[in-house]
Amino acid sequence: MNNSNHSLRVHFIGIGGVSMSSLAEYLNRVGFIVSGSDITTSEYTDALVKDGVEVMIGHSAENVDGAQVVVYNSAIGEDNEELNAAKANKSYILSRAELLKMISENFKTRIGVSGCHGKTTVTCMIAHILKCANEQFCAHIGGNDNEFGNGYFGGSEYFVTEVCEYKKNIDKFDAEVAVCLIAAPDHLECYDGEKDLFNSYKNFLKKAKIAIFRSEDKNLADYDYDNKITFSADTSGDYYPTNISEKAGKYRFTLNKRGERICDIKLNVYGEHNVVNAVAACACAMELGIDAACVKGGIEKFTGTKRRFEKIGKINGCAVFADYAHHPDEINAALSTAEKICKGRLFVVFQPHTYSRTLLLKEKFLDSLGKIDNLIIYKTFPAREEYIKGGSAYDLYVALNKKGVYMADPDALQYYLKKNLKRDDMLLVLGAGDIYKLIKARL
């Protein structure tokens, strides 16, 4: 979308989402007339209203009157009244992924961060490196960085964004620098099996001038094009860490490039998994020509994002941490971090996200959750889905032989936690749904 078309009114159906609101904010800042609707208010809609964007709560055909362009996200169904009105009005209709691609084309260099785990963290790390290097860039973030929020708007040289594989959105984005953190199975309901998913990752990498991916990734092992650059947790990649040490859940390491020591880095976020995330971000930045001092400085200025091992409060003196983890591999990483810093008993509240993911990855969920001594499974956050037999949180609880506790009422959950948690215990709240908001509101 060309920034010169400022007389256009662009209406967002589902403007309150983390990605949609960031795109709306970008168009608002460059001078488009922006409006949007959503079913409820949020911190994102509140911020947009402050910046002069008209936000309607509730969907209505009248909301799109006068809009030349209408944007919808993946959660909007074909029966949505605003979407149908836009078709009847002959508005130009774009999906969120299509708009993301169009906006990115206003920038000289597009950086796309894909992969099953760590996209938000690595996108933020790259953004902090670019800021430290005084580069002109914008960042489109699928979460809330502690400094940048869900977007940074500072020039047109670089555009860095997360690229999601849901509904094959990854196929719609072209990047000069394509990063894949790990090509693990997820969103399989949108693909014709795992091979189809992995081919989407490979095609994303093939289109780029620079393709950066993890050398240990077995699903990309046959990728052997001239544009490849690898990173790793061991010494097999072009970029890799050595001298890894840990103190109170936070890590230091030495960054290396093909046998050459680059610099020492101290992370200001929890978790060993963030070592390899940082190496991926460093690889991206250094391939762009950014010097080691800015790479180190940017990584060390990153203090995390909301819902990525975020400390959100206390209950009975027990520290409460929240993490977006909704995939078994992410759960394992969060548990590993928690176990390193927990002094007493570790309690875990897990809310499954979508019935399809629970069903398709059930065996992996059973392995991850089966390790937890004090487990509370909270009712599924269905997002865009209707119930699928065998895929609910209760179905998962039954498959775990009813280990722990199943709950479906937030007040009952609050009572249980206040009754059982003690000082020196830790509560880890996991999931990508509304469990974060429910717990935080009751602290």
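First, the conventions. The model is predicted, so local features need pLDDT of at least 70 and side-chain atom pairs count only at pLDDT 80 or more, while totals for chains, interfaces and linings use all residues. Residues are numbered from 1 along each chain as its sequence is written, and side-chain values use heavy atoms, with hydrogens and water left out. Helices (H or I, at least four residues) and strands (E, at least two) are DSSP runs, numbered from the N terminus.

Five strands form an open sheet, ordered S3-S2-S1-S4-S5, with parallel pairing; two strands pair if DSSP finds at least two bridges between them. Strand S3 (54-57) and strand S5 (92-95) are the edge strands, and each pairs on one side only. From one strand to the next the twist averages 20 degrees. For angles, axes are lines fitted to C-alpha atoms, for helices over the stretch in contact, and values run from 0 to 180 degrees between N-to-C directions. Strand S4 (residues 69-72) is joined to S5 by four bridges, in the parallel sense. Within that pair, valine 71 stands opposite leucine 94 in S5. Helix H1 (residues 18-29) lies across strand S1 (9-13), strand S2 (33-38) and S4, and runs at about 170 degrees to S1.

Next, asparagine 150, which is in strand S8 (residues 149-154). Is asparagine 150 buried or exposed? Its relative accessibility is 14%, so asparagine 150 counts as buried; the cut-offs are under 20% relative accessible area for buried and over 50% for exposed, with partly exposed in between (1.4 Å probe, protein chains only). A polar atom of the asparagine 150 side chain lies 2.8 Å from the backbone oxygen of valine 18. The side chains of asparagine 150 and serine 21 make a polar contact of 3.0 Å. A polar contact here is a pair of N or O atoms within 3.5 Å; within protein, one must be able to donate a hydrogen and the other to accept it, and residues adjacent in sequence count only if both atoms are side-chain atoms. Not counting residues up to four places away in sequence, asparagine 150 touches, among others, Ser22, Tyr44, His140 and Gly143, where contact means heavy atoms within 4.5 Å.

Strand S16 (residues 310-315) and strand S17 (residues 318-323) run antiparallel and are joined by five bridges. Lysine 314 has alanine 319 in S17 as its bridge partner. S16 and S17 form a hairpin with two residues between them, and asparagine 316 in the turn has a positive phi of about 55 degrees. Strand S18 (residues 346-350) and strand S19 (residues 374-378), by contrast, run parallel, with four bridges. There, phenylalanine 350 stands opposite isoleucine 377 in S19.

Last, the rings. Rings of Phe, Tyr and Trp (its six-membered ring) pair if their centres lie within 6.5 Å; planes under 30 degrees apart count as stacked, over 60 as edge-to-face and the rest as tilted. By this rule there are 15 aromatic pairs. One of them is phenylalanine 213 with tyrosine 223, edge-to-face at 5.4 Å centre to centre and 75 degrees between the planes. Phenylalanine 213 lies in strand S11 (residues 210-214) and tyrosine 223 in the loop between S11 and strand S12 (228-231), so the pair ties together parts ten residues apart in sequence. Phenylalanine 213 is buried at 4% relative accessibility, and tyrosine 223 is buried at 2%.

Finally, charges over rings, meaning NZ of Lys or CZ of Arg within 6 Å of the ring centre and within 35 degrees of the ring normal. The charged end of lysine 250 sits over the ring of tyrosine 270, 5.1 Å from its centre. For arginine 308 over the ring of tyrosine 324, the distance to the centre is 4.4 Å.
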